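Have the structure open and follow along.

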Amino acid sequence: MEQSGLFKDNSAADRYLLRNCRIYDGSGQGCYSGEILIREGRIAAIGRDIKAEACEVIDMKDMAVAPGFIDIHRHADLQPFHWPDSGCELMQGITTMISGNCGFSPFPLLVERMNACKEFVEPLLGRLPEKAVEWTDFDSFLHAIRKKELNVNQGTLVGNGILRVAVNGTGDGPVPDRKMRQIEERLKEALQHGAFGLSMGLMYAPECYYSEEELGRICKVAAAYGAVITVHLRGEGSMADASVREVLRLCRSTGAHFHISHLKAAGRDNWGPPFEKILDLLYEARLEGLPVTWDAYPYEAGSTTLTTLLPPWALAGGTEKILERLRDTRCRQRILADLGKRQSSWDNLVYATGWDRVTLLSGTKAAQIGKNIGELARENGVPPEEMCLDILLEDACETGIAFFHMDERDVRKVIGLKETAVISDSIYSQQGFTHPRSTGTYPKFIQEYVNGRKDFTMEEAIRKCTSLPAEYMGIRDRGRICAGYYADIIAFRPEEFVSRSTYEKPGELPAGMKYVFVNGRPAVRQGNIVRLDAGKYLTKERDLNDNR
């Protein structure tokens with residue numbers, strides 16, 4: 001990345017002494033005053049009156065000094081290959097992020113199924129670059145991305161969805177045994193080369209066609225490597241209870257650590273008491289000793305693609321097959337009928353929540369972006385289900401949406417649990433950021449949950465954004481202010497650290513972040529971005545003697 005003069009840090013020092021620090025070390029156990037010495041990318045010492053020569057001294061008076069935030073759910077897989085770096089991660093204090101979530105990673109790819117692979121990943125991750133044809137496995141992807149400049153540290157999970165598409169295509173039904181073995185081998189390869197774990201997106205086709213037995217077979221491979229398995233549940237609405245129970249059964253049968261992504265109650269009928277029962281179910285599992293954890297974001301709207309609202313049978317075979325069904329009169333009528341009633345075998349969230357809560361974030365018609373489907377249907381004098389299918393046809397199934405299917409009280413409840421790590425679930429696209437969580441998650445969390453309602457102390461909130469997600473993903477030497485750890489450190493004035501992004505202007509950067517160090521190098525100084533190349537691409541270190 002060619003950096004302008006604005007983004008150059010001319011300091012040649014590799015030693016920094018941070019004085020007058022109010023340190024929140026990531027443990028959640030309070031704060032203390034002291035000094036921090038940074039040397040050669042790591043925290044060399046913490047204490048008082050540290051004596052060090054040839055250091056740049058920086059005064060942190062009146063600032064909260066904390067580990068950099070670790071966002072373990074950010075769909076930034078292809079960001080280094082495509083889009084100008086806005087610094088939105090740095091300005092909200094993110095110094096490490098994990099991509100490859102929800103079953104979507106940009107590898108492995110097979111030339112013979114390249115079109116299917118592109119159709120699967122591009123609506124969520126953005127366009128694959130031309131070089132992607134070389135990414136037959138994680139190792140070749142790793143070779144490519146390590147040539148790119150990274151503003152923050154980045155690691156990845158391997159997507160269970162793309163594994164299936166690359167090996168078996170986009171069809172439904174069972175996967176033949178020989179192809180299951182190929183999926184297992186490709187998963188092993190990714191884990192051996194340092195993928196942090198396996199991600200599942202069981203709501204999405206073709207992953208939704210997996211049987212529990214097939215999933216168990218794949219999960220045993222991840223378990224043998226001690227890898228975390230993150231799960232976008234099959235259903236987050238009326239099927240949430242059954243979906244969580246499926247995860248718990250897999251956890252018992254495989255012994256793997258399962259981590260539920262963006263835990264929520266979607267759809268009016270599932271708000272309140274039904275969600276509390278799911279939380280009780282998870283706590284019972286933890287008391288049983290099952291290694292199950294979760295995360296959440298502090299927003300009432302999710303963001304995904306419009307195709308996810310369709311019945312699973314309509315999604316089999318990929319984009320061209322979906323478009324054929326939308327054009328075919330009989331199939332179209334069946335889809336419309338399914339969308340218009342409650343379902344027992346899949347989550348028809350829009351039936352339970354309403355079309356006025358489905359807002360377009362991207363598409364081919366600029367005039368429609370920012371409007372909800374109920375509103376557009378009334379303007380065009382058609383039922384909202386028809387409007388949905390018409391939009392999908394116009395956009396070739398690449399429409400992005402914000403779905404306001406959560407209740408604020410439930411969001412606050414799950415965020416309030418001590419086991420909940422805070423994430424953003426950000427999506428990057430050619431249209432720019434389309435949800436305020438991409439640029440505002442962490443300041444919003446501090447602003448509302450600490451400064452506003454005072455649901456947490458600052459030290460408790462910092463833990464949920466630093467050491468807790470690092471623990472869940474097995475990220476070593478990051479997420480705490482400890483001697484010997486990498487110097488990923490942020491400093492901000494709590495009363496000034498606020499989100500400025502909205503659904504109307506989701507790209508607005510936050511205010512109040514004063515300093516950000518990434519691997520011991522200043523990336524933000526006095527509120528200004530000074531460099532965008534201090535990050536590293538991280539891989540998971542595994543014990544060579546583990547059982548596999």
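## A helix across the sheet

Helix H7 lies across strands E11, E12 and E13, and runs at about 155° to E11. That angle is taken between N-to-C directions on a scale from 0 to 180 degrees, using axes that are lines fitted to C-alpha atoms, for helices over the stretch in contact. Helices (H or I, at least four residues) and strands (E, at least two) are DSSP runs numbered from the N terminus.

This is a predicted model, where local features need pLDDT of at least 70 and side-chain atom pairs count only at pLDDT 80 or more, while totals for chains, interfaces and linings use all residues. Residues are numbered from 1 along each chain as its sequence is written, and side-chain values use heavy atoms, with hydrogens and water left out.

## H7 itself

H7 covers residues 212-224, and its 13 residues reach 18 Å from first C-alpha to last, close to the expected 18 Å. The expected span is 1.5 Å times one less than the number of residues. After the helix comes Gly226, with a positive phi near 65°.

Which residues of H7 are buried? They are Glu214, Leu215, Gly216, Ile218, Cys219, Val221 and Ala222. Buried here is under 20% relative accessible area, exposed is over 50%, and partly exposed is in between (1.4 Å probe, protein chains only). Their cover includes helices H5, H6 and H8, along with strands E11, E12 and E13.

## Its neighbour H6

H6 and H7 pack at about 30°, with axes 9 Å apart.

On the H7 side, Glu214, Arg217, Ile218, Val221 and Ala222 meet a set of H6 residues including Met180, Ile183, Leu187 and Leu191. Contact means heavy atoms within 4.5 Å.

## The two sheets

The sheet under discussion above is open and parallel, with six strands in the order E10-E11-E12-E13-E14-E18. E10 and E18 stand at the edges with a single partner strand each, so one side of each has no neighbour in the sheet. E14 and E18 pair over three bridges, and Asp295 has Ala421 of E18 as its bridge partner. Strands pair if DSSP finds at least two bridges between them.

Another open sheet has three antiparallel strands, ordered E15-E17-E16. E15 and E16 are its edge strands. Four bridges join E16 to E17, and Val358 has Phe403 of E17 as its bridge partner.
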